[in-house]
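Student: I am new to this structure and would like to learn how its terms are applied. Could we go through them one at a time, setting each value against its definition?

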Amino acid sequence: MNYLNLFIVAIRSLFKNKVRTFLTMLGIIIGVASVIAMLAIGQGSRDSIERQIQEMGSNVIMIFPGASYRGGVASAAGTAVSLEMDDVNAIRDECPSVKYISPVARASAQVIAGANNWNTQIYGIYPEYFDIRSLKVENGELFNDADARRGTKVCLLGKTVVDNLFGEDVDPVGMKIRIRNVPFRVIGVVQPKGQSGMGSDQDDVIYAPFNTVQRRLRGATTKIQQIYISAISEEYSSKAQEEIDQLLRQRKHVAQNDDPPYRIRTQQEILRMLTSTSQTMIVLLASIAGISLIVGGIGIMNIMLVSVTERTREIGLRMAVGARGRDILRQFLLEAVLLSLLGGLMGIALGIFSSRMFVSLLNWPVTVTSYSVFLAFLFSTIVGVFFGWYPARKAARLIPMDALRYE
Amino acid sequence: MEKKKIISVHGITKVFDMGAVKVHALRGVDLDIYEGEFTAIMGPSGSGKSTFMNILGCLDLPTSGDYFLDGVDVRTLTRDQLAHLRNRKIGFVFQTFNLLARTSALENVELPLFYNREIRKKERLERAMESLKMVGLERWADHLPNQLSGGQQQRVAIARALVNNPVIMLADEPTGNLDTRTSFEVMEIFQNLNNRGITIGLVTHEADISKFAYRNVIFRDGRIHQEIAVKNRKIATDELAKLPAEDDFIEEQEVL
């Protein structure tokens with residue numbers, strides 16, 4: 001029997017029991033749809049992490065002072081060598097792959113403006129920090145390098161801080177605020193950035209000149225908490241990391257084999273760390289969905305076994321007029337594959353539809369990839385062949401006489 | 001000129017293993033059927049005549065003994081080769097018609113040709129239509145089995161058995177589910193086919209049906225009890241004419 005005829009026979013027999021066919025397919029439909037939706041949710045959250053890491057800035061490299069870990073064992077705290085402003089200048093002068101560099105001094109403080117007060121983070125920075133993090137001044141202007149060095153008492157406010165200290169729709173530029181009783185003049189408002197990948201509000205922040213924060217809010221220390229660097233391009237970020245590491249080893253007298261008393265993290269590394277978590281989630285979700293696909297496959301096997309039993313006489317007749325075992329095998333296998341394939345197609349449609357619903361109703365980041373659609377399609381076909389095989393073989397092995405006599 | 005031997009069986013036995021008991025359905029049967037013959041196999045139920053017919057039709061294998069069909073040693077064939085043999089050399093007609101439900105008469109007739117890869121669609125349709133014409137059902141080609149009367153269904157089944165130009169047509173109680181008039185109509189078709197040279201083997205337990213054949217083989221307890229040449233062979237066309245006029249014609253009109 002040629003394939004066109006087999007196809008017609010299979011389609012006809014599926015249409016003969018529409019309700020049963022649909023219910024059987026439902027298992028596959030749900031399985032495939034959940035695989036697609038789960039992969040879409042996983043991929044979506046991954047994309048959104050990636051986007052948020054990108055929003056951190058361009059080709060960001062961060063240096064943290066302090067002991068690093070090796071094999072889970074921390075070096076003694078006293079071994080930590082602090083980073084100083086000289087190190088920043090040295091990196092700026094001697095590392096060709098570094099484009100921007102800014103030390104960061106962070107303090108948490110109570111901020112007062114008139115009758116309102118608010119607790120927030122104050123970042124002491126050099127103007128280049130805005131280039132590194134792709135921050136923009138929405139209103140007013142940024143202080144310059146001289147201000148950062150001198151320790152001028154000016155600041156720029158994030159949107160959340162403005163809202164809490166002055167109320168919405170108020171332009172705070174030119175107004176005075178007090179940070180831990182030190183008066184600051186507001187010279188600008190920073191363009192809102194929204195939530196970070198970790199869920200914190202990136203607009204709940206005040207930016208002030210680096211030395212102002214070091215001296216006034218951190219007890220006149222010279223130790224630097226963190227250094228933000230931007231490599232000249234993404235390809236150069238690991239080269240920059242290497243250059244910085246070599247320079248700092250030399251300056252801090254750290255042997256090549258020893259753990260340095262600082263950590264250098266590139267944006268790519270942070271991205272990798274975060275996405276590996278979401279990767280685990282994707283695998284978990286997809287395997288649960290995959291199990292439902294297998295359950296759907298068992299449903300197909302069940303119905304195909306019923307179908308073989310029901311149509312035993314038909315099988316007997318076909319054999320009596322010359323069908324070989326393999327003709328019967330093909331007929332039932334094709335039926336099972338069609339069943340799962342049709343279910344697969346409907347499942348893909350349902351999966352894409354429900355992914356859209358996640359986006360529009362729950363505002364979840366969801367991305368349907370062609371790869372997941374292909375995977376679901378492939379799997380539903382494999383399920384059809386796998387679970388259709390046994391019933392089809394059972395049919396093919398019948399003895400014509402027994403099949404014809406079957407009541 | 002000597003006639004060709006279509007079927008030649010020697011010492012055929014068939015034992016059904018029913019677990020506790022072994023049922024000896026055939027206890028050694030020898031029979032030859034020559035080209036163009038019309039043989040009726042008779043006997044009471046349980047005499048092994050249906051089992052014998054199934055073995056002749058290659059639907060079942062004998063426990064022992066030799067079976068040559070058109071010169072082919074059936075006992076040496078694989079399952080696939082048996083399927084091929086059924087497809088090319090045998091036309092089988094069942095008591096219960098065994099038509100595919102929800103499938104048109106024409107497609108039911110086409111069925112054996114679907115399993116013959118050498119035949120293309122055009123030829124398949126032509127031959128199926130030709131077969132339907134031979135049983136007088138060309139106008140019912142598009143009808144589904146449940147739209148046909150029992151006699152018409154059996155005629156479709158005969159057309160299906162004819163479509164592959166078999167060397168022998170075998171029928172297992174073809175009139176068992178039919179009334180007298182339709183039985184005679186079916187026998188008329190068999191006689192017409194036989195007149196065209198088609199070899200026919202037929203199982204029946206009705207004595208009047210066996211009178212349409214040339215030769216009667218009577219089974220008893222798994223053996224051939226008696227073989228007789230039919231005297232006063234009946235002609236179905238004449239018998240039909242003798243039947244009181246009935247409304248069978250009107251019935252067909254309704255179906256149409």
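Student: Are Asp245(A) and Arg249(A) buried or exposed?

Tutor: Both Asp245(A) and Arg249(A) are buried, where buried means under 20% relative accessible area, exposed over 50% and partly exposed in between, with a 1.4 Å probe and protein chains only. Before we go on, note that this is a predicted model, in which local features need pLDDT of at least 70 and side-chain atom pairs count only at pLDDT 80 or more, while totals for chains, interfaces and linings use all residues. Residues are numbered from 1 along each chain as its sequence is written, chains are lettered from A and ligands numbered from 1 in the order in which they are written, and side-chain values use heavy atoms, with hydrogens and water left out.

Student: What makes the pair Asp245(A) and Arg249(A) a salt bridge?

Tutor: A salt bridge is a side-chain nitrogen of Lys or Arg within 4 Å of a carboxyl oxygen of Asp or Glu. The closest N and O atoms of Asp245(A) and Arg249(A) are 3.1 Å apart, and the pair therefore meets that cut-off. The two residues are separated by about one helical turn, because they stand four residues apart in helix H8 (residues 237-252) of chain A; helices here are DSSP runs of H or I with at least four residues, strands are runs of E with at least two, and both are numbered from the N terminus.

Student: Why is Asp32(B) called partly exposed?

Tutor: Asp32(B) has 22% relative accessibility, so it counts as partly exposed. Its salt-bridge partner is Lys5(B), with the closest N and O atoms 3.6 Å apart. This pair links distant parts of the chain, since Asp32(B) is in strand S2 (residues 22-34) of chain B and Lys5(B) is in strand S1 of chain B, 27 residues apart. Lys5(B) also counts as partly exposed, at 38% relative accessibility.

Student: How do you know that Ser8(B) is buried?

Tutor: Ser8(B) has 9% relative accessibility, and therefore it counts as buried. Ser8(B) is placed in strand S1 (residues 5-17) of chain B, and its side chain makes a polar contact with the side chain of Asp32(B) at 3.2 Å. A polar contact is a pair of N or O atoms within 3.5 Å; within protein, one must be able to donate a hydrogen and the other to accept it, and residues adjacent in sequence count only if both atoms are side-chain atoms.

Student: What makes chain A more spread out than a compact globule?

Tutor: Chain A has 13 helices and twelve strands. Its radius of gyration is 33 Å, well over the 22 Å that the globule rule gives for 407 residues, so chain A is more spread out than a compact globule. The radius is taken over C-alpha atoms, and the rule is 2.2 Å times the number of residues to the power 0.38.
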